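Me: Could you take a close look at a single part of this model for me? I'd like the cut-offs spelled out as you go.

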Amino acid sequence: MPAEDPGDAPTQTCENGINMGLFLHCSLIPALTIMGALSFLQRRGRRWAVDQRLPGLNGRFGVVVPLDVLGSLRNRWSYGFAFGAVSSSVMLLFSREYMPFPLPPWAKVIVYLAGALEVGIAYYPFFACLSTPCRLVGPTLGILYTLTWTVVSLWDMVTCPAGRELGKFQKPILRWPSVLCLIFLLGRFTHILVKAVRSNLRLQNDEDLDLMLQNHQAKYVQVLLRGRPPPEQDSVSKGEVKNWFERNVYEWDPYFKFPNRMIGTSIICFIGLYAMTVADYSLCDYAFDKLDRLVDSLSTLAASCNTTNNQFAELVPQLRKFSRVARDVWFVTTIFASLTSVTYTFHVLVCYRKQLKRLWAGQKSFIPEKFHSPSSAVSVAAITRYSGWQIAYTMWGYLIVHFVQFVLGLLVAYGLVLPIQQGRGLEVLSSLGMVILTLGMVIGLVILQIVLVQVFFLQEKISPTDKQKPLALNNRKAFHNFTYFFFFYNVMVGLGNCVIRLVASGVLGTWLVSRIDRTIVQRGYEVLDPGYRTWIGMIFADHHHSNPVMICFCHLLLAERQERGGVTPSQFNTPTACVRGMRIRQRWLLLYTLLRNPQLILLRKSCPPSRLSSPQASPNTPARDTLRVGFALGLRNSWSGAEDAAVDEENA
């Protein structure tokens, strides 16, 4: 949403500009009005005592839900763009314009908390008008409110586009994603209103229903009941050829849909990364310009000194070269850090789908054992924390990864590129060869020990078809001498491996700091990673609330209940489905009766009399009757044995 970014003070005074901070304060009045109107139209499921005193209420003033973060999959992209419209206005909380007058530090914290509540109320109508069941009033109010924000945002961008950091086009560069999200919401509200009007005029059926069982969930359960391979392996079993995008980037899954929470979080991450990348580039350009001016000042100072040992004259060329190299490295690493963060955002979505489908299949091996049964309160609270923490991890991860890449880029530039440009390539290759030789010797000694043990100190295979030798020693005396002499080599090799382990752990942990789906601490210490604990709690909560098998089972129970009450459910309104449900129920009752009374199996008809008397009767009929008698006797004996055991247990 349009907002003044930190330090967004234009270089010149804009007479026609709009104070977006003041507009945010004023927007609370229509926002609260819309919330009250939607609450009045929302009926409560349970009547209160006030309804008896005021019969005119009739259960009105219900609780308005802005969005369902667990079960609903309706308007997923609309909610995502609504989050995108909110993303920019959060920055207004940290700007100078939000503070009406200077405050002490302890009071600023309270003002920021109150400001977060104010921003939430100001943007509440965007979400409430999408989720309200009033399909005429909600979109109408949403169009008016969204149109107001869009017009004010465009007017402020056009009349006062300048800013201090990015020059005279700062506001259009930073705010165009938010304005685009507002325009999308405006079109979405218009589409919902048109559909509602056509539905009231009987021109089309209202298909925008928030059903318990979604279409993709029903397909997922159907695939499981048919005995096919898992849905993610279904295309492989059919022999379908995947294209390059599906093999290397992403494969679309028709049996899975991401909830609106994940889509909204990803959109905010993308918009935040864009704004941070632009601000990062502008600030580094400003910082390096200051460094160039400092170098010029030192150069002028060095020229004014006529001493023989002029240290400034020797320092100026080094600083000038560092400024040029650092500027180029920072620009290149800005691109790589942005691509890394964007890739991580997509990869988190892929991991979410993969891990959630593993939980649906009952697999928990990818989760540490201590997290196999998380607390219910922790899991539900993780739903609330996840979006905010994922956005914060993405933003901070971009800055940390960018700094690490910048340091590594400087090392490569000063250790490899600049010496080669200065004609010292052989010297660089010699030093690089020594490093590679040292690492090769360390790795070679480790591999040599494995090969020697494999050849001389393990017994032969028990069977020629075995893939490897058994874990049984051979030539024990030689092995003891082998261990003794390699002890001294392993002390020196261990020193190098310790350094490699420390560097790899630090670099990898820093590189994956924004990956909330993966812990960056050692095994056994996952409790110290709050981000990973939030991720585990979130996927467990989604597993329990969005499992297709569980939802399908609950839907069938509701369908059976509605069928007994004479109401045909929406998903089972076909005659075939009703007959199938009655047939399943009758077969279940028949099975239960035969289990309780096995002797009735002998009285059942094996086939129609016409078939028994026909000359084409199957020759296996006597054998089939014999099997049926044996089965009945076995069931009766097992059932009587179970009853006797139960009686004995009660007597004991």
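Where is the place of Ser 514?

Reply: Ser 514 sits in the loop between α16 (476-511) and α17 (530-546); helices here are DSSP runs of H or I with at least four residues, numbered from the N terminus. Before going on: this is a predicted model, where local features need pLDDT of at least 70, side-chain atom pairs count only at pLDDT 80 or more, and totals for chains, interfaces and linings use all residues. Residues are numbered from 1 along each chain as its sequence is written, and side-chain values use heavy atoms, with hydrogens and water left out.

Ser 514 counts as buried because its relative accessibility is 5% (buried means under 20% relative accessible area, with a 1.4 Å probe and protein chains only). Leaving aside residues up to four places away in sequence, Ser 514 touches Tyr 344, Gln 390, Tyr 393, Thr 394 and Gly 397, a contact being heavy atoms within 4.5 Å.

Gln 390 also turns up in the lining of the largest cavity, along with Met 262, Thr 265, Ser 266, Thr 345, Val 348, Leu 349 and Tyr 386. On a 1 Å grid over the protein atoms alone, a cavity is a set of points where a 1.4 Å probe fits but cannot get out, and lining residues have an atom within 4 Å of a point. α12 (260-304), α13 (311-360) and α14 each give two or more residues to that lining. The space inside is about 50 Å³, taken as the volume filled by probe spheres set on the points, which are joined across faces, edges and corners. By this rule there are three cavities of 30 Å³ or more.

Terms used:
Buried means under 20% relative accessible area, exposed over 50%, partly exposed in between (1.4 Å probe, protein chains only). On a 1 Å grid over the protein atoms alone, a cavity is a set of points where a 1.4 Å probe fits but cannot get out, and a pocket is an open set with protein on both sides within 12 Å along at least five of seven lines; lining residues have an atom within 4 Å of a point.
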